[in-house]
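Colleague: Before I use the labels on this model, I would like to know what stands behind them. Please show me the structure and take my questions in turn.

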Amino acid sequence: MTERRIYINAAQQVSIQRPLSDSWLDSPVDYPHDGGCQAAIDPDFKAFLAPMEARRMGRLLKRAVAVSDTVLAEASVSDPDAILTATGLGCVENTEAFLNALCEEGEDVMMPTAFMQSTHNTIGSLLAIRRKCHGYNSTYAHKGVSFESALLDAVVQLRLGAVSNALVGAFDEMTPTYFGFLAKTGFVGQPGMVRASDSAVAMVLSAVPAEKALCELMDVRLMYRPAAGKVASYIMGQEGVDAIVAGINGSEKNDKIYEEIASATCLPVMGYKHLFGENYGASAAGVYAAVRCLHSGRFASLHAGEMALPEIRSVAVVNHDGRSVSVVKLGSLC
């Protein structure tokens with residue numbers, strides 16, 4: 001496998017910040033750290049879907065279409081060679097609708113739509129059908145490292161030369177029912193934590209930089225139960241970085257490893273979940289945020305520290321799910 005350089009040519013989000021916009025760089029929507037649940041701010045779906053088409057889709061599917069269509073247009077790609085989707089919980093809203101109808105009405109009068117749209121790979125299938133893509137299509141459902149798994153697959157496919165570009169995205173929603181379940185586990189909903197949220201993030205990767213490419217994707221690494229020192233050694237290794245963007249969410253248990261990594265590297269640490277919230281696909285928002293900050297050279301919205309940041313030309317986006325730790329290294333093209 002050749003070490004081909006890989007570029008992120010476009011990246012966008014639908015989240016609790018203004019959708020399909022980078023306005024959060026200068027004027028983010030602020031939310032209290034009260035452990036609550038916050039629904040995403042949706043774009044005008046009429047710009048992407050006909051009314052008859054949209055009425056048969058759940059909100060997560062509509063968000064996936066909107067954000068994917070946007071990044072493909074920005075990257076001037078109509079038919080991606082590969083579609084890699086990631087989701088921790090899948091189309092939860094449709095799953096709940098199907099199960100509630102099953103409990104309330106029985107099996108004899110079930111409507112098929114909610115069931116058809118309840119599986120995890122519904123999102124990737126829908127994107128391929130709409131674009132008439134017959135190429136590589138895979139879905140990853142690995143809880144908190146789902147996005148990194150999809151991103152790593154895309155990197156492998158690009159470096160092998162199997163594809164020339166790839167659409168990679170992470171899509172998760174947080175319904176009140178699932179918020180209650182996850183709050184009992186401590187994943188969300190605790191005092192002092194950022195809000196649980198919905199998010200849909202997509203980006204286009206390519207082995208050839210577009211005219212307006214955003215940054216270089218230098219490497220992706222997944223580690224199983226590593227010591228903080230091992231993660232720090234990788235971050236500071238052959239392709240060292242200038243700063244860390246970490247999945248800090250206000251939970252002492254969650255944030256401990258980030259503090260240990262920061263101590264071992266002596267690098268400035270920034271966060272993103274105070275802007276985009278917490279869910280199983282939140283790390284995709286972290287990568288998106290780092291991409292946009294590198295491209296624009298503005299990191300103020302991610303940095304809450306008192307010390308001034310140095311010039312940042314590369315970052316490591318670090319995430320963990322309690323067992324696996326992921327590191328995504330990004331470099332500026334400027």
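What follows is a set of questions about terms and the values behind them.

Modeller: This is a predicted model, in which local features need pLDDT of at least 70 and side-chain atom pairs count only at pLDDT 80 or more, while totals for chains, interfaces and linings use all residues. Residues are numbered from 1 along each chain as its sequence is written, and side-chain values use heavy atoms, with hydrogens and water left out.

Colleague: Why is serine 199 called buried?

Modeller: Buried means under 20% relative accessible area, exposed over 50%, and partly exposed in between (1.4 Å probe, protein chains only). Serine 199 has a relative accessible area of 1%, so serine 199 is buried. Serine 199 lies in strand E7, residues 199-206; helices (H or I, at least four residues) and strands (E, at least two) are DSSP runs, numbered from the N terminus.

Colleague: What does serine 199 touch, leaving out residues up to four places away in sequence?

Modeller: Contact means heavy atoms within 4.5 Å. On that basis serine 199 touches Val14, Ser15, Leu60, Ala170, Phe171, Asp172, Asn279 and Gly281.

Colleague: What makes a polar contact between the side chains of serine 199 and asparagine 279?

Modeller: A polar contact is a pair of N or O atoms within 3.5 Å; within protein, one must be able to donate a hydrogen and the other to accept it, and residues adjacent in sequence count only if both atoms are side-chain atoms. The side chains of serine 199 and asparagine 279 are joined at 3.2 Å.

Colleague: Which polar partners does the side chain of serine 15 have?

Modeller: One is the side chain of glutamine 13, at 2.6 Å. Another is the backbone nitrogen of glutamine 17, which lies 3.1 Å from a polar atom of the serine 15 side chain. Serine 15 sits in the loop between strand E1 (6-14) and strand E2 (37-38), and serine 15 counts as buried because its relative accessibility is 1%.

Colleague: Is histidine 274 buried, exposed or partly exposed?

Modeller: Histidine 274 has 30% relative accessibility and therefore counts as partly exposed. This histidine 274 lies in helix H10, residues 273-276. Its side chain reaches the backbone oxygen of serine 301 at 2.9 Å. Beyond four places in sequence, histidine 274 touches His33, Val194, Ser301 and Leu302.

Colleague: Why are H8 and H9 called oblique?

Modeller: Helix H8 (residues 228-235) and helix H9 (residues 252-265) pack at an angle of about 50 degrees, with their axes 9 Å apart. Angles under 35 degrees count as roughly parallel, over 145 as roughly antiparallel, 65 to 115 as roughly perpendicular and the rest as oblique. H8 and H9 are therefore oblique to each other. The contact is made by Ala228, Val231, Ala232 and Ile235 of H8 and Glu260, Ile261, Ala264 and Thr265 of H9.

Colleague: How do the residues of that H8 and H9 contact divide by class, and what are the classes?

Modeller: Ala, Val, Leu, Ile, Met, Phe, Trp, Tyr, Cys and Pro count as nonpolar, Asp, Glu, Lys and Arg as charged, and the others, Gly among them, as polar. The contact of H8 with H9 has six nonpolar, one polar and one charged residues.

Colleague: What is the angle between H2 and H5?

Modeller: The axes of helix H2 (residues 59-74) and helix H5 (residues 122-131) cross at roughly 50 degrees and come within 10 Å. That makes H2 oblique to H5.

Methods. Axes fitted to C-alpha atoms, helices over the stretch in contact; angles between N-to-C directions.
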